[in-house]
Amino acid sequence: MKKILFVASEGVPFIKTGGLADVVGSLPKCIDKKYYDVRVILPKYVCMSQEMKDRLNYKTHFYMDFHWQNQYVGILEAEYDDVTYYFIDNEYYFNGFKPYSDNTLFEIEKFAFFSKAALSILPVIDFRPDLIHCHDWQTGLVPVYLHERFQGSDFYRGIKTAMTIHNLKFQGKWSIKEVQDITGLPMSFFTPDKLEAYKDANLLKGGIVYADAVTTVSETYADEIKTPFYGEALDGLLRARSGDLRGIVNGIDYDEYNPETDKYITHPFNSVNFRKEKIKNKRALQADFGLNQDDKALVIGVVSRLTDQKGFDLVAYVMDELCQDNIQLMVLGTGEEQYENMFRHFAWKYPGKVSAQIYYSEAVSHRVYASCDAFLMPSLFEPCGLSQLIALRYGTVPIVRETGGLKDTVEPYNEFESTGTGFSFMNYNAHEMLGAVRYAEKIFYDKKREWNKIIDRGMAADFSWQVSARKYQEMYDWLIG
């Protein structure tokens, strides 16, 4: 058996703020249990739901030298979906109403503690992994600490590491003096070829430098981050490591996102009967969220964090033009105040055409995916994106910008060859986006059979975790040998 250990700051169903948690919760259970023993280490956050806390069993605890103190390290354990999870407990670091705080220095200290503790508990839980799979900057110090102090002991010698970048924008940066004081790493580690980047310490950079392999969540994003525009000032390092860098597109949980069995939607449907059943969901959505009852209107859904990264400045620019067409817009999400207020404004200005639900609800998100005709994602950059995969699964046609995972997963419609699963545009330009939306409208209104064929192809595409898991297994075999 090859032993794989995931170390991450969040994972479904225990704690979730974004797509990272979906990956950490879904990928381990899809890896072949005949050949791999996969386990996961997460922080035990005080803000976890009581239902999840009740699943955890206390194992043991010890004290660890960290930041000039003796810190408590509690170990709890849980089984979920045939995967063993370990939780690191320390209420000083993992308290609060949310998993992450806005205090960057405290976050760096918290996840430096977590990275060191994750390595320290391995002999205690009697699990020696062949490979540690680290996720995002929060675990960037795991390969660094392994190299710097743990590798000296027989137990740790030869453990390989892989670093997965879910979003390069977030790197864990702070002044060298303070990070060196917190981590206890020798000053020799804070040089431009190691953890130093532009006069600051950078935890993600440390992980990229010391990991044996680097992955990211789509093939196009793996190419994009080697360029200055997408590289977030680490493009040079990523070019240098391009031999060990690969993109593996995320999957989605096909049991959780299944239009036939989804408990959140009013009228279940599948790829055979969607022509009759899907419209019933659309009518219910229109009735419940203040949109005009109109079967013929193209209903476009948006479920997203409302931020610059997601392309909402483009939407703001052409919103008036868009609302002149026979479309309806259903928006669900929270984020930057300017975009929250922008959608509220247009919902007021165009009643019955725009519905702005400025909050987040898992149940409502499923309804939006299942009920809308099209789904809009005009992202500036998108490492992978899960929304377009869910939309395809629910027969909702994605309209996306060709970047990162959106480019890899949505095949642009070609009316001459009758191929494609969605509509796309290339340049980050509001009117180019509007052009793609209007092209989708034209097919929707004038070529209904073609539109239904696009849905057929989208619902037949396979973006389940099984496909991605096989690619990760290839990487594990390549690293472990």
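Visitor: What radius of gyration does the protein chain have, and what would a compact globule with 481 residues have? After that, please go through helix H10 closely.

Guide: This is a predicted model. The protein chain has a radius of gyration of 23 Å, which agrees with the value near 23 Å for a compact globule with 481 residues. Its C-alpha trace spans about 70 × 45 × 40 Å along the principal axes. The secondary structure comes to 18 helices and 18 strands, and buried residues make up 59% of the chain. Of the contacts between residues at least 6 apart in sequence, 73% join residues at least 24 apart.

Now to the helix. H10 covers residues 274-288, 15 residues in total, and reaches 21 Å from its first C-alpha to its last. That is close to the 21 Å expected at 1.5 Å a residue. The buried residues in H10 are Phe274, Glu277, Lys278, Asn281, Lys282, Ala284, Leu285 and Gln286. In an α-helix there are 3.6 residues a turn, so residues three or four places apart point the same way. Just after H10 comes Gly290, with a positive phi of about 75°.

Most residues other than glycine have a negative phi, and most peptide bonds are trans. Asp126 has a positive phi of about 55° although it is not a glycine. Asp126 sits in the loop between helix H4 (122-125) and strand E6 (131-135), and counts as exposed because its relative accessible area is 64%, over the 50% cut-off. Lys199, also not a glycine, has a positive phi of about 70°. The loop that holds Lys199 runs between E9 and strand E10 (200-202), and Lys199 is exposed at 72% relative accessibility.

The peptide bond from Val12 to Pro13 is cis, with omega near 0°; Pro13 lies in the loop between strand E1 (2-7) and helix H1 (19-30).

One more loop residue is Asp193, between helix H6 (176-183) and strand E9 (196-197). Asp193 is exposed, with a relative accessible area of 51%. Leu237 is 44 residues from Asp193 along the chain, and their C-alpha atoms are separated by 8.8 Å.

How values were computed. Residues numbered from 1 in each chain as written. Predicted model: local features only at pLDDT ≥ 70, side-chain atom pairs only at ≥ 80, totals over all residues. Heavy atoms only, no water. Helix = DSSP H or I, 4+ residues; strand = E, 2+ residues; numbered from the N terminus. Rg over C-alpha atoms; globule rule 2.2 N^0.38 Å. Buried < 20%, exposed > 50% of the residue type's maximum accessible area, 1.4 Å probe, protein only. Contact = heavy atoms within 4.5 Å. Expected span 1.5 Å × (residues − 1).
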